Amino acid sequence: MAVTVVVGSQWGDEGKGKIVDLIAPEFDIVARYQGGANAGHTIQWGDQTQVLHLIPSGAFADGVTCVIGNGVVVDPCVLVREISAVHDLGFNLEGRLWIARNAHCIVPWHLVLDSAREATASDQAIGTTRRGIGPAYVDKVARSGIRMGDLLCTDLLAARLRGLAREKNHLLTEVFGQRAIHPDEVIEAYAAFGRKLRPYLTDTPALLHQALAEGRSVLAEGAQGSLLDLDFGTYPFVTSSSPTAGGACTGLGIPPGAIERVIGITKAYCTRVGNGPFPTELDGSAGAFLQAAGVEFGATTGRLRRCGWLDLVALRYACQLNGFTGLALTKIDVLTGLDTINVCIDYRIADRKGIGYSSAVSTLEKVEPVYRTIPGWTQPVIGATSFDELPDAAHALIRQISLFTGLPIDMVSTGPKRHQIIHLGS
Ligand code: GDP
Ligand code: IMO
Ligand code: MG
């Protein structure tokens, strides 16, 4: 089965964690390829709920190896806590979790800079998760970053942190009026993280190459969503990495030809956390309904998620970017109780129709969605496990998405728990 990539097709929080956890037992390895602790992937089974920020969502699948790839920016403080939380749930990750030695590391300057930039940007603020993601990728690209492997050698770590501190403290104090962070405050703490994480650090590209050569299968787990992609999203209201399928190659070191399937995780409506255009956003009672029924609070920051109707124009763009081979439709149960359901099938500006998706903020702010309205349903569908249990109106919605995108809907998720799923395709 080589490599399957799971990608969010919207603005994140589509239910990637739920689907990755569900299908993880079919794979040998689950590997995160980008982002960092800005991600919050929720997994529910039995009466347990766990939100994972860095550890791949295969953590609770017996015998499955987890990899944090080189494309991820790792906050070692969050990771150490997360390993311990997973351990407390009865899942030992030693010998099962591998972290790329060449993954970049979030250091305290990144966290302060992320917040300081947001605070001073006022109406230009991105609405980041303030997890230091942007500043960490800046340093990676500038070739001044700290890598996870650097934590293993205190002398090297100290030299690199001192070099970074010179630049970053200038920014902190002179540009943002913040207190400087003395490198000595950081060196010992990060060396201690290194000692804790040493058993997990390895050459993950080599591990993955060997696994693929031996015929083992890999599930690459994306974070965020296609419409937040650094290049293809609504710049500057984007994240600083490539959540789209191509990011799996650079974020893990695997060749494009190894990818056999790309599953687009699509929520039955849309949400967005943070700022930026959102053509189908709902301000009124339907938006409040989706927010309440879908429990739309950020899994990382607890912020309210903005809600809106499903946007098929944007979804088609995500299909083009990722080459999805199929979709997993999530949270269809949340639509129960709405009188009517809208899906956006076109954009128009004044009387000009047929405007395709544009990642340009100035255009996307102007477009008005053209909706197709389908009847709602009242019968609860939560926990349904077969297509026949869904009402005709839900069948119509599923067909509409499939027809519009030209893709099979492989799975329909009918609740947050692992078993609340309808398998339709391969
Ligand atoms: P991710 O970031 O894509 O992994 O998604 P999040 O975990 O941030 O947000 C998805 C939320 O919806 C979580 O609270 C999940 O437990 C929940 N969820 C996932 N699938 C379903 C579903 O089919 N129905 C309902 N009601 N909730 C779901
Ligand atoms: P998962 O993996 C939803 C959003 C932020 C902000 C923008 C930039 O759980 O789907 P950043 O902190 O990355 O610099 O913020 O991206 N964002 C997410 N929105 N789900 C996420 O992850 C997100 N990660 C970042 O709200 O708008
Ligand atoms: Mg999330």
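Keep in mind that the model is predicted.

1. The shell around ligand 2 holds 20 residues. Lys16, His41, Thr129, Gln224 and Thr239 come nearest. By class, seven of the shell residues are nonpolar, ten are polar and three are charged.

2. **Backbone contacts of ligand 2.** A polar backbone atom of Asp13 is 2.8 Å from an oxygen atom of ligand 2. Val273 also takes part: a backbone N or O atom of Val273 lies 3.0 Å from an oxygen atom of ligand 2. The protein buries 98% of the 550 Å² that ligand 2 exposes when taken alone.

3. **The site of ligand 2.** Look for the pocket in the structure above. Ligand 2 sits in the largest pocket.

4. **Who surrounds ligand 1.** Turn now to the other ligand. Ligand 1 has 19 residues around it. The closest are Lys16, Gly17, Thr42, Asp333 and Ser413. Lys16 is also among the residues that come nearest to ligand 2. The shell of ligand 1 has three nonpolar, nine polar and seven charged residues.

5. **Where that shell comes from.** Helix H1 covers residues 16-23, and strand S3 covers 41-45. Each supplies at least two residues of the shell around ligand 1.

6. **Polar contacts of ligand 1.** Start with the backbone. A backbone N or O atom of Glu14 lies 3.1 Å from an oxygen atom of ligand 1. For Gly15, a polar backbone atom is 2.9 Å from an oxygen atom of the ligand. Asp333 uses its side chain: an N or O atom there is 2.7 Å from a nitrogen atom of ligand 1. On its own, ligand 1 has 580 Å² of accessible area, and the protein covers 92% of it.

7. **The site of ligand 1.** This one is also a pocket. Ligand 1 takes up the space of the second largest pocket.

8. **Salt bridges.** How many salt bridges does a search of the whole structure find? The count is 15. One pair to look up is Arg162 with Asp184, whose closest N and O atoms are 2.8 Å apart.

Definitions and conventions
Residues are numbered from 1 along each chain as its sequence is written. Chains are lettered from A and ligands numbered from 1 in the order in which they are written. This is a predicted model: local features need pLDDT of at least 70, side-chain atom pairs count only at pLDDT 80 or more; totals for chains, interfaces and linings use all residues. Side-chain values use heavy atoms; hydrogens and water are left out. A residue is near a molecule or strand if one of its heavy atoms lies within 4 Å of it. A polar contact is a pair of N or O atoms within 3.5 Å; within protein, one must be able to donate a hydrogen and the other to accept it, and residues adjacent in sequence count only if both atoms are side-chain atoms. Accessible areas come from the Shrake-Rupley method with a 1.4 Å probe; for residues, only the protein chains shown count as cover. On a 1 Å grid over the protein atoms alone, a cavity is a set of points where a 1.4 Å probe fits but cannot get out, and a pocket is an open set with protein on both sides within 12 Å along at least five of seven lines; lining residues have an atom within 4 Å of a point. A molecule sits in a cavity or pocket if more than half of its atoms lie within 2 Å of its grid points. Helices (H or I, at least four residues) and strands (E, at least two) are DSSP runs, numbered from the N terminus. Ala, Val, Leu, Ile, Met, Phe, Trp, Tyr, Cys and Pro count as nonpolar, Asp, Glu, Lys and Arg as charged, and the others, Gly among them, as polar. A salt bridge is a side-chain nitrogen of Lys or Arg within 4 Å of a carboxyl oxygen of Asp or Glu.
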